[in-house]
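Dear colleague,

Please find below the structure that I am handing over to you. My notes on what was found in it follow directly after.

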Amino acid sequence: MSGQDDAGAGSPGEQAEATEREAARRRILAQAEAERIPVEETTRAVPDRRWRHDQQG
């Protein structure tokens, strides 16, 4: 990923590859968004009282 715009691609083969890459990128992003876990679900605290036992001694 060089950050250059593929719109200036020369041959039809290069243009087809650029189109396929863009389509693949969009599919991957769509899949990632579909599988995304909301941050609210990942930061939910789970009670863990083991540390209290270790500190009582």
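The confidence values below are pLDDT, the predictor's confidence in each residue, on a scale from 0 to 100. The protein chain averages a pLDDT of 78, and 60% of the residues score at least 70. This is a predicted model, in which local features need a pLDDT of at least 70 and side-chain atom pairs count only at pLDDT 80 or more, whereas totals for chains, interfaces and linings use all residues. Residues are numbered from 1 along each chain as its sequence is written, and side-chain values use heavy atoms, with hydrogens and water left out.

Regarding secondary structure, the protein chain contains three helices and zero strands, in the order α-α-α along the sequence. Helices (H or I, at least four residues) and strands (E, at least two) are DSSP runs, numbered from the N terminus. Confidence is highest in H1, at 95, and lowest in helix H3 (residues 50-56), at a mean of 60. Where pLDDT is low, the predicted coordinates should not be read in detail.

Of the 57 residues, 4% count as buried. Here buried means under 20% relative accessible area, exposed over 50%, and partly exposed in between (1.4 Å probe, protein chains only).

The structure holds three salt bridges, each defined as a side-chain nitrogen of Lys or Arg within 4 Å of a carboxyl oxygen of Asp or Glu. Side chains of opposite charge can pair when their charged atoms come close. In one of the bridges, Arg-25 pairs with Glu-22, the closest N and O atoms being 2.7 Å apart. Both residues lie in helix H1 (residues 12-35), three residues apart, about one turn of the helix. Arg-25 is partly exposed, at 37% relative accessible area, and Glu-22 is partly exposed at 28%.

Glu-22 also forms a salt bridge with Arg-26 (3.0 Å, N to O); these two residues of helix H1 are four residues apart, about one turn of the helix. Arg-26 counts as exposed, at 54% relative accessibility. Through shared partners, salt bridges join Glu-22, Arg-25 and Arg-26 into one network.

A further salt bridge links Glu-33 and Arg-36 (3.3 Å, N to O), and Glu-33 counts as partly exposed at 49% relative accessibility.

With kind regards
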